[in-house]
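Dear colleague,

I am passing on the structure we spoke about, and below it you will find a description of what turned up when I went through it. Please keep the sequence and the structure open beside this message while you read.

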Amino acid sequence: MSKLSILVYPDQRLRRVAQPVTEFNEQLKQLVTDMAETMYAAAGIGLAAVQVNVSQRVVVMDLSAGKNSLQVFINPELSELKGSAESEEGCLSVPGVVATVERAQTVKINAQDVTGRRFEMNADEMLSICIQHEIDHLNGKVFVDYLSRLKQHRIRKKLGGKKLSKESRAAVSVAAA
């Protein structure tokens, strides 16, 4: 089983717009498995394929306390965004940074599962926030884009201007097993 390396902001590969998945095969299933393993190893709750340098519209998430309820969203799209909510967000690609971001309070998600079957679900609270965050990644956007230019500059300098500590590297770049 291999774990994937997570790209760290300000890596420009995080700015790529992911392409739709058109083939639902064993390779896609393996990508989902590897992404889930990587997310769990990094103690995350969500991961988009773009974050592991794969330009496909694939998201894995697990918001459960026991980390035993993996959700997979292939080609996810949002509709019916309602309300507004502020929440503290962090990101595996922006280690050590947490900031308040405003997002829609509730959303409707249209996606496919790993077999290509289409599904629709309503999301609120943490699920709504997480799916919006991960879809942003698929669209080449990072949560720090919602922050002031000054805060973005400080974060870029902190993460891109000097080497990451051993602990930070371990948290965001999980070596192949």
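**The sheet and what surrounds it**

Five strands make up an open sheet, in which the order is β1-β2-β3-β6-β7 and the pairing is antiparallel. The edges are taken by β1 and β7 (118-124), each of which has a single partner strand, so one side of each is left without a neighbour in the sheet. On average, and with direction ignored, neighbouring strands of this sheet are turned by 40 degrees against each other. Please bear in mind throughout that this is a predicted model.

At one end of that order, β1 (46-48) is joined to β2 in the antiparallel sense over 3 bridges. Within this pairing, Gly46 has Met61 of β2 as its bridge partner, while Ala48 stands opposite Val59, which also belongs to β2. On going from β2 to β3, the antiparallel sense is found again, here over 4 bridges, and Val58 has Ile74 in β3 as its bridge partner.

The side chains of β2 (58-61) deserve a slow look. In a regular strand the side chains alternate between the two faces of the sheet. In β2, Val58 and Val60 point one way, Val59 and Met61 point the other way, and all of them are buried.

Which strands does each helix lie across? Helix α1 (26-41) lies across β1, β2 and β3, and it runs at about 40 degrees to β2. Helix α2, which covers residues 125-138, lies across β1, β2, β3, β6 (106-112) and β7, and it runs at about 110 degrees to β3.

**The loop between α1 and β1**

Ala42 is placed in the loop between α1 and β1, and because its relative accessibility is 12%, below the 20% limit, Ala42 counts as buried. Although Ala42 and Ile6 are 36 residues apart in sequence, they are 9.1 Å apart in space, counted from C-alpha to C-alpha. Ile45 lies in the loop between α1 and β1 as well, but its relative accessibility is 32%, and it therefore counts as partly exposed. Together with Leu63 and Met126, Ile45 makes a nonpolar surface patch of about 220 Å².

**Backbone details to check**

Most residues other than glycine have a negative phi, and most peptide bonds are trans. With that in mind, where does a cis peptide bond occur? The bond that joins Tyr9 and Pro10 is cis, with an omega of about 15 degrees, and Pro10 is placed in the segment before α1.

Lys67, a residue other than glycine, has a positive phi near 50 degrees. Lys67 is found in the loop between β2 and β3 (71-82) and is partly exposed, with a relative accessible area of 34%. Glu80 likewise is not a glycine, and its phi is positive at about 55 degrees. The place of Glu80 is in strand β3, where Glu80 counts as partly exposed at 44% relative accessibility.

Methods:
Residues are numbered from 1 along each chain as its sequence is written. This is a predicted model: local features need pLDDT of at least 70, side-chain atom pairs count only at pLDDT 80 or more; totals for chains, interfaces and linings use all residues. Side-chain values use heavy atoms; hydrogens and water are left out. Helices (H or I, at least four residues) and strands (E, at least two) are DSSP runs, numbered from the N terminus. Buried means under 20% relative accessible area, exposed over 50%, partly exposed in between (1.4 Å probe, protein chains only). Two strands pair if DSSP finds at least two bridges between them. Axes are lines fitted to C-alpha atoms, for helices over the stretch in contact, and angles run from 0 to 180 degrees between N-to-C directions. Contact means heavy atoms within 4.5 Å. Patches are made of residues with over 30% relative accessible area and no salt bridge: like charges are joined within 9 Å, nonpolar side chains (Val, Leu, Ile, Met, Phe, Trp, Tyr) within 5 Å. Accessible areas come from the Shrake-Rupley method with a 1.4 Å probe; for residues, only the protein chains shown count as cover. A salt bridge is a side-chain nitrogen of Lys or Arg within 4 Å of a carboxyl oxygen of Asp or Glu.
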